[in-house]
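Please read the following with the sequence and the three-dimensional view side by side. The account begins at a single residue and widens from there to the rest of the chain.

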Amino acid sequence: MNALTRQDCMTMTFRSEYPGVLFGRYVVIGEDVTIGPGTVLGNNVVVHDGSSIGCNVRIDDGVVIGKEPLRSRLSAMASDVDLEPASIGDEVLIGTHAVIYRGATVGNSVLIADLATVREQVTIGEMSIIGRGVAVENMVTIGRRCKIETGAYITAMSSIGDFCFVAPEVTFTNDNYVGRTEERFKHFKGVTMQVGSRIGANATVLPGMVIGEDALVAAGSIVTKDVPSRAIVMGSPARVIRQVPADQLLSAATPRSGGSQ
Ligand SMILES: CC(C)(COP(=O)(O)OP(=O)(O)OC[C@H]1O[C@@H](n2cnc3c(N)ncnc32)[C@H](O)[C@@H]1OP(=O)(O)O)[C@@H](O)C(=O)NCCC(=O)NCCS
């Protein structure tokens, strides 16, 4: 998995405190960090205090792991939670300049592509793919074997079940009051995707909506109501147009087509 060029091998080094781990140049490792053997860290990687990284992980140039959240005095969700250190499972792939915050837990064999951000209090289940430039905001749960594609925005307090698919540039929302009124703080609510549900490119999902099991949201839709299980919804506002064909249900899917058989 960690295919290295001859040039990489010539410039990488081992460190006695981390047996079997290869380090690129200018790598900064904090206090009490654990790293499993077979892991390769590229150039300019920063791993903050307490983080744990599994075996055979590939971490590309410029990645930051365990970053402390930034808090503006005006942040909508100011919180003083004591965050656990970042935890990265085995065989994980992390692309160039991805940022993974303290309080994030990344399961085995997850791929996090270049420039993605995974915020604090986020859990990602095994074998899921977080695409290039995806923003996963705080307090989000993503299940196993999900695909979140390039540029998607997963707003805070959302929950994505196993085997879900989120197409490029999909936007989740959580504040129906769009940044005004004190009232809004009581009503923040992320999006819930139930197991096997799918959302087409560039759709927008309004706060608190539930996308039912195996449902499909058509590209470009605006979801203003909960989507029933196994329904296809389309348009703005999204309306049910028909049911998902049986051969597209998760129960019919093979591993290559997004299932688990
Ligand atoms: C839901 C979906 C599968 C429907 O596709 P379809 O059944 O092949 O639909 P059709 O092409 O037969 O179109 C049926 C009608 O709906 C319209 N239509 C199709 N998709 C539409 C959409 N996303 N929004 C609005 N109208 C749409 C068509 O123009 C057509 O209208 P008409 O009857 O007046 O000509 C498709 O719209 C979709 O969203 N696919 C997902 C694409 C995607 O995001 N992939 C992600 C990975 S890149």
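Ile65 is buried, because 30 other C-beta atoms lie within 10 Å of its own; a residue counts as buried if 20 or more other C-beta atoms, placed from the backbone, lie within 10 Å of its own, as exposed if 12 or fewer do, and as partly exposed in between. This is a predicted model, in which local features need pLDDT of at least 70 and side-chain atom pairs count only at pLDDT 80 or more, while totals for chains, interfaces and linings use all residues. Residues are numbered from 1 along each chain as its sequence is written.

Ile65 belongs to strand β9, residues 64-67, where strands (E, at least two residues) and helices (H or I, at least four) are DSSP runs numbered from the N terminus. Leaving aside neighbours within four places in sequence, Ile65 is in contact with Val47, His48, Ser51, Ala86, Ile88 and Ile100, contact being taken as C-beta atoms, placed from the backbone, within 7 Å. Asp80, by comparison, is 15 residues from Ile65 along the chain, and their C-alpha atoms are separated by 20 Å.

Ile100, one of those contacts of Ile65, leads on to the largest nonpolar core, which has 69 residues and in which Ile100, Ile112, Val118, Ile130 and Val217 touch the most other members. Such a core is a set of buried Ala, Val, Leu, Ile, Met, Phe, Trp, Tyr and Cys residues joined through C-beta atoms within 7 Å. This core draws at least three residues from each of domain 1 (1-68 + 83-100) and domain 2 (137-244), whose bounds come from an automatic or database domain assignment. Taken over C-alpha atoms, the centres of domain 1 and domain 2 are separated by 33 Å. Ile130, again leaving aside neighbours within four places, is in contact with Leu111, Ile112, Ala113, Ala116, Val118, Ile124, Val136 and Ile148.

Leu115 has a phi near 70°, a positive value in a residue other than glycine, and it is located in the loop between β14 (111-112) and β15 (117-118). Leu115 is partly exposed, because 18 other C-beta atoms lie within 10 Å. Arg230, in the loop between β30 (222-223) and β31, likewise has a positive phi, near 65°, but Arg230 counts as buried, since it has 20 C-beta neighbours inside 10 Å.

Strand β31 (residues 231-234) pairs with strand β29 (residues 216-217) in the parallel sense over 2 bridges, pairing being assigned if DSSP finds at least two bridges between two strands, and Leu216 stands opposite Ile232. Strand β31 is also joined by 4 bridges to strand β32 (residues 239-243), with which it runs antiparallel, and here Val233 has Val240 as its bridge partner. The strands β31 and β32 form a hairpin with 4 residues between them, and in the turn Gly235 has a positive phi of about 95°. Pro237 also lies in the loop between β31 and β32, and a cis peptide bond, with omega about -5°, joins Ser236 to Pro237.

Several of these residues return around the ligand, where the shell consists of Ala167, Gly200, Ala201, Leu216, Ala218, Ala219, Gly220, Ile232, Met234 and Gly235; a residue is near a molecule if its C-beta atom, placed from the backbone, lies within 6 Å of it. The shell divides into 7 nonpolar, 3 polar and no charged residues, with Ala, Val, Leu, Ile, Met, Phe, Trp, Tyr, Cys and Pro counted as nonpolar, Asp, Glu, Lys and Arg as charged, and the others, Gly among them, as polar.

How values were computed:
Contact = placed C-beta atoms within 7 Å.
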